[in-house]
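Work through the two exercises below with the model open. Each task is followed by a solution in steps.

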2 protein chains.
Amino acid sequence: MAPHAHPTDPSDMPLGPRQRALLAVLRAANAELSGQELHERLRQSSQRHGLATVYRNLRLLQRSGLVRCRKLPNGESVYAPLERDDHHLTCVSCGHSEPLPICPVASGGLALTKVLLQGFKPLFHTFEIHGLCRSCQQSEPLAHG
Amino acid sequence: MAPHAHPTDPSDMPLGPRQRALLAVLRAANAELSGQELHERLRQSSQRHGLATVYRNLRLLQRSGLVRCRKLPNGESVYAPLERDDHHLTCVSCGHSEPLPICPVASGGLALTKVLLQGFKPLFHTFEIHGLCRSCQQSEPLAHG
DNA sequence: CGTATGCTGAGAATGGTTCTCGTTTTAGCA
DNA sequence: TGCTAAAACGAGAACCATTCTCAGCATACG
């Protein structure tokens, strides 16, 4: 893992100040943040970033292996630092999503051989259980849209 | 699991003909289908469904525990029958997604206790490894948008 | 029949994300 | 310190899958 080992390795790309700012906000937050939330927090902290820039740099950080991303049922993407290894329980009815303190990779039962990956370079993984939350089980399940 | 055991259990709801048609197309397909693709296939098979109906019934089937759903990086949702337990390798750069023949739940290393679920009723799970596909590792990683 | 209830679908609305493109900043150089 | 090329920026427009609206239609039931 020497610096500049491969010229095409994005993880060697030095970060610009906006990217560092973005990453700092994500690391300071105690939960995943959406692009819009990130934009808002940066505005408040006197670091003005355009929305386009926020999304651009979020993509770069993701490809560089510094940020992870997941899509909520409502279509929003939420971001977190790569080193945070959290997974989720998500309701297919109301869309509510809450942390699930378990990780199928960390618990070691998973053999990710090179054969399976076939040249693919893994950066992070998502594990999510979808189902019905307690309150959606109780309420009329399929009524009134 | 007697019929109508619980009036609030969506899995007891009988399917309408449109929902059965939808499920049949999904089961006949050998891959996940998007709402738009489903709509197109139904049009061709003389089963005309409006787009709104396709999405409505897809939501119902999902809540009933018959259909699973996952979001691609481009924002599309793709659907498959619940009984198909496939997972994926997805590139954070180009968005390409391919099957990953491994399942962290089926391989048994995961203890999903009632304590963890806290009243949540699981229907299905998604497991996805995100990273860089072979061709995105080779190409200029961060250049030209 | 007559009414209540739910399902349907064409088209409009929604909203997060991406694109466009002129402007600003940075980098490289003499 | 000026000058130029390349890269980054951001306001606003565009995109597009999905959801919403609402009038019309089907079904159930007395």
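Predicted model: local features only at pLDDT ≥ 70, side-chain atom pairs only at ≥ 80, totals over all residues.

Residues are numbered from 1 along each chain as its sequence is written, chains are lettered from A and ligands numbered from 1 in the order written, and side-chain values use heavy atoms, without hydrogens and water.

**Exercise 1.** Find which residues contact phosphate oxygens of DNA strand C.

Solution. 
1. List the residues near DNA strand C, meaning those with a heavy atom within 4 Å of it. There are 13, the closest being Y55(A), S77(A), R18(B), T53(B) and R56(B).
2. Look for polar contacts, here pairs of N or O atoms within 3.5 Å. The side chain of T53(B) places a polar atom 2.6 Å from a phosphate oxygen.

**Exercise 2.** Describe the lining of the largest pocket by class.

Solution. 
1. Take the lining residues, which have an atom within 4 Å of a pocket point. They number 42, and R70(A), K71(A), L72(A), K71(B) and L72(B) lie nearest the centre.
2. Sort them: 18 are nonpolar, 15 polar and 9 charged, with Asp, Glu, Lys and Arg counted as charged, Ala, Val, Leu, Ile, Met, Phe, Trp, Tyr, Cys and Pro as nonpolar, and the others, Gly among them, as polar.

Terms used: 1 Å grid on protein atoms, 1.4 Å probe; cavity = no way out; pocket = protein on both sides within 12 Å on 5 of 7 lines; lining within 4 Å. Near = heavy atom within 4 Å. Polar contact = N/O pair within 3.5 Å; in protein donor to acceptor, adjacent residues only side chain to side chain.
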